[in-house]
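Hi,

Here is the structure I said I'd pass on. Have a look at it first, and my notes on the side-chain contacts come after.

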Amino acid sequence: MALMLDVHKELKDAAPECVFNLDEVGMIFNGAGKKALAKVHEKLFGAKVCSGKARVTAVLCANADGSIKIPLTIIGKAAKPHCFGTQGRPGGVWYLSQANAWQDSETAQEWFSKFCDYLRAQNKFNGKKIFLTYDNAKMHVFEQFQQPADFTVVLVPLPKNTTSIHQPIDRGIGYLFKLMFTSSKAASFVRLLLKADRLPWKNSRESRGYEEGGTMSDVMNWAREAWDKVSREAIINAYIESSMLPETEHRILMSLSEKHTKEQQAH
């Protein structure tokens, strides 16, 4: 906790709705799963694990009270994926491109600009301070980017070797997102397989998408569904588990968590 004293000092008296955490999650989206369904005592033969190499990076960001989830950002390799012309570009997801599908200083700048525009559109942060917390990865050079005119973004980098413990997204949000992504992808392929006998399946777009592990449009749709399923309670609990906030703000989150628990029990 001693390493977090400067962070706690920076976040002192910050309203939970004004504290955001940012992190990136890498995903291999075209690999087959390592598990299969079978009846009890039934043996599976000819099983082969296919290790895919097509990857994207998802950029996750949400505030401490879970009231605002910044729209998900997917970073892929192609500047203009072909599927955007054939399947359409999915809404509700930001898309950026980078040669290796990683976050770098250029995509970080693009993301920061979209982040500020999104908060400005909420019409609730004018004149306020927004606290953006993030790990100390070298591409996070947010201090070099232009600040918005109508509110201030206070940059709060987390100390080295603390993010696995004190970064909220690493305390369950990222894991839950990836779990929901896998679930959405599997459900999509099951729906395709169930209607395969009603389609001219061979050489169809659906069959190619299945064999290739999905197009970028598919990936963005699955990712959006997964991010939508990450609940407010999960986000609040992750912030509580991280102990990133000072004591007073931490108690506020504890009260919010207890309130949501009671509301769920009442229903």
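Below is what turned up, starting with the aromatic rings and ending with the charged pairs.

One thing to keep in mind: this is a predicted model.

Aromatics first. Searching the whole structure gives 13 aromatic pairs. One of them is F20 with F125, an edge-to-face pair with 6.5 Å between the centres and 70 degrees between the planes. That pair ties together distant parts of the chain: F20 belongs to strand β1 (residues 19–28), while F125 is in the loop between α3 (105–121) and β5 (129–134), and the two are 105 residues apart. F20 and F125 are both buried.

Another edge-to-face pair is Y134 with F142, where the centres are 4.9 Å apart and the planes make an angle of 70 degrees. Y134 and F142 are both buried too. If you colour the rings, you can pick out one aromatic cluster made up of F20, W111, F112, F115, F125, Y134, F142 and F145, with the members of both pairs on that list.

There is also a charge over a ring: the charged end of K69 sits over W227, 5.3 Å from the ring centre.

Now the salt bridges. The structure has eight of them, and these are the ones I'd click on:

- K128 and E17 meet through their side chains at 3.6 Å, N to O. This pair also links distant parts of the chain, with K128 in the loop between α3 and β5 and E17 in the loop between α1 (5–11) and β1, 111 residues apart. K128 counts as partly exposed because its relative accessibility is 33%.
- R251 bridges to E247, with the closest N and O atoms 3.0 Å apart. Both residues lie in helix α9 (residues 247–266), four residues apart, which is about one turn of the helix. R251 has a relative accessible area of 45%, so it is partly exposed, whereas E247 is exposed at 59%.
- Salt bridges with shared partners also join E17, K124 and K128 into one network.
- D13 pairs with K12, the closest N and O atoms being 3.7 Å apart. D13 is exposed, its relative accessible area being 62%, and K12 is exposed as well, at 55%.

Cheers

Terms used: Residues numbered from 1 in each chain as written. Predicted model: local features only at pLDDT ≥ 70, side-chain atom pairs only at ≥ 80, totals over all residues. Heavy atoms only, no water. Phe/Tyr/Trp six-rings, centres within 6.5 Å; stacked < 30°, edge-to-face > 60°. Buried < 20%, exposed > 50% of the residue type's maximum accessible area, 1.4 Å probe, protein only. Lys NZ or Arg CZ within 6 Å of the ring centre and 35° of its normal. Salt bridge = Lys/Arg side-chain N within 4 Å of Asp/Glu carboxyl O.
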